[in-house]
Amino acid sequence: PTSAQVSAVPHSGRFCYTLDNNLLTTEQRQFYEDNGYLLIKNLVSDEDIERFRKEFTRICKREVKPPGVMIMKDESLRSQFGQSEKVVNKVQDFQEDEELFRYCTLPQVLKYVECFTGPNIMAMHTMLINKLPDSDKQTFLHPMHQDLHYFPFRPASRIVCAWTAMERAHQDNGCLVVQPGTHKTTLKPHGYPELEGKTNKLFHGLLDEDEKIPKVHLVMEKGDTVFFHPLLIHGSGINRTSGFRKSISCHFASSECHYIDVKNTTQEHLEKELQEMVCKKYNATSVDLKDIWNFRARLVQGERINL
């Protein structure tokens with residue numbers, strides 16, 4: 001383990017969403033219990049962030065082609081030729097790119113992750129997000145959603161996202177927006193929002209958003225990292241600046257989590273969409289959802305048990 005001893009079961013008393021550890025203060029644990037997220041300032045160094053930025057550019061230019069990586073272009077710019085920072089809005093599934101995967105192994109990140117997952121840690125879903133300057137079409141807005149909607153494994157309380165700002169994130173360039181406390185709710189139905197213009201693939205949002213729940217804009221400096229629960233309702237706004245707002249993230253899970261069958265659930269239509277995308281990319285006739293996640297998942301620390 002990268003940090004002090006962490007118990008394998010949640011605290012039987014007041015804490016449900018964090019494990020006993022010697023890193024988080026009681027106040028930090030209580031904040032996560034109440035709100036579903038925890039922001040740690042200045043966690044990732046400028047040097048590491050610049051290395052991730054350079055690798056992102058190399059992937060966009062096809063100078064490196066990591067196996068399995070998904071380069072996602074914005075729908076409204078799909079007709080534009082080339083793979084540059086100006087059209088790529090996301091590099092997903094970078095677990096086979098050793099340079100970007102370093103993010104998932106940073107000791108200063110993992111020691112916090114361990115407080116939520118325990119010592120056996122899998123990196124399940126990796127993304128470098130490049131929020132482009134927006135047009136009037138507002139296609140770069142990511143609607144409010146819960147990340148658990150995308151994941152066919154449980155329990156939710158042993159999954160956590162680490163999301164690091166690669167430059168200052170604020171309201172003008174579309175920082176993260178969260179609804180504190182919504183991690184205590186259930187998984188809600190998601191789908192494509194009815195927006196003007198084209199919607200980006202897999203940018204699902206809540207079908208019925210409760211506007212009465214207060215929203216908090218997470219203003220973050222370069223290197224700041226937020227850890228949040230997969231049921232926390234969150235999204236990001238429009239980038240109204242001329243710059244690109246980058247962030248790097250990984251969803252971590254305890255390897256003791258287990259896969260579930262999403263048939264006849266609100267996640268079933270997502271399974272079909274993901275299978276179609278993978279079949280098209282690899283020219284396959286059929287693919288199992290569990291196989292997709294087994295390919296995406298990579299052990300970071302400890303022992304690989306179920307995932």
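A disulfide here is a pair of cysteine sulfur atoms within 2.5 Å. By that rule, this structure has a count of 0 disulfides. The model is a predicted one, where local features need pLDDT of at least 70, side-chain atom pairs count only at pLDDT 80 or more, and totals for chains, interfaces and linings use all residues. Residues are numbered from 1 along each chain as its sequence is written, and side-chain values use heavy atoms, with hydrogens and water left out.

**The whole chain**

- The protein chain comes to 6 helices and 16 strands; these are DSSP runs (helices are H or I with at least four residues, strands are E with at least two), numbered from the N terminus.
- Of the 307 residues in the chain, 56% are buried. Buried means under 20% relative accessible area, exposed means over 50%, and partly exposed is in between (1.4 Å probe, protein chains only).
- Take the contacts (heavy atoms within 4.5 Å) between residues at least 6 apart in sequence: 80% of them join residues at least 24 apart.
- The chain exposes about 13,600 Å², and carbon and sulfur atoms supply 50% of that. Those areas come from the Shrake-Rupley method with a 1.4 Å probe; for residues, only the protein chains shown count as cover.

- Cys-16 is partly exposed, at a relative accessible area of 44%.
- Cys-279 has a relative accessible area of 13%, so it counts as buried.
- Cys-60 sits in helix α2 and is buried too, at 2%. Its C-alpha atom is 9.1 Å from that of Val-87, which is 27 residues away along the chain.

**Helices α2 and α3**

- Two packed helices are described by the angle between their axes and the distance between the axes.
- For α2 (residues 46–60) and α3 (residues 98–105), the angle is about 145 degrees and the axes are 9 Å apart. Axes are lines fitted to C-alpha atoms, for helices over the stretch in contact, and angles run from 0 to 180 degrees between N-to-C directions.
- The α2 and α3 crossing is left-handed, meaning that the near helix is turned anticlockwise from the far one by less than a right angle (clockwise would be right-handed).
- On the α2 side you'll find Asp-48, Arg-51, Phe-52, Glu-55 and Ile-59, which meet Glu-99, Leu-100, Arg-102 and Tyr-103 of α3.
- Sorted by class, that contact has 4 nonpolar, no polar and 5 charged residues. Ala, Val, Leu, Ile, Met, Phe, Trp, Tyr, Cys and Pro count as nonpolar, Asp, Glu, Lys and Arg as charged, and the others, Gly among them, as polar.

**Helix α4**

- In α4 (residues 107–117), 8 of the 11 residues are buried, so this helix is largely enclosed by the rest of the structure.
- The buried residues of α4 include Val-109, Leu-110, Tyr-112 and Phe-116.

- Ser-249 belongs to strand β14 (residues 245–254) and counts as buried because its relative accessibility is 2%.
- Leaving aside neighbours within four places in sequence, Ser-249 is in contact with several residues, among them Phe-94, Tyr-103, His-125 and Trp-163.
- Leu-38 is part of strand β1 (residues 37–40) and is buried, at 5% relative accessibility.
- Not counting residues up to four places away in sequence, Leu-38 touches residues including Leu-24, Phe-31, Val-226 and Phe-227.
- His-229 is 191 residues from Leu-38 along the chain, yet their C-alpha atoms are separated by 9.4 Å.
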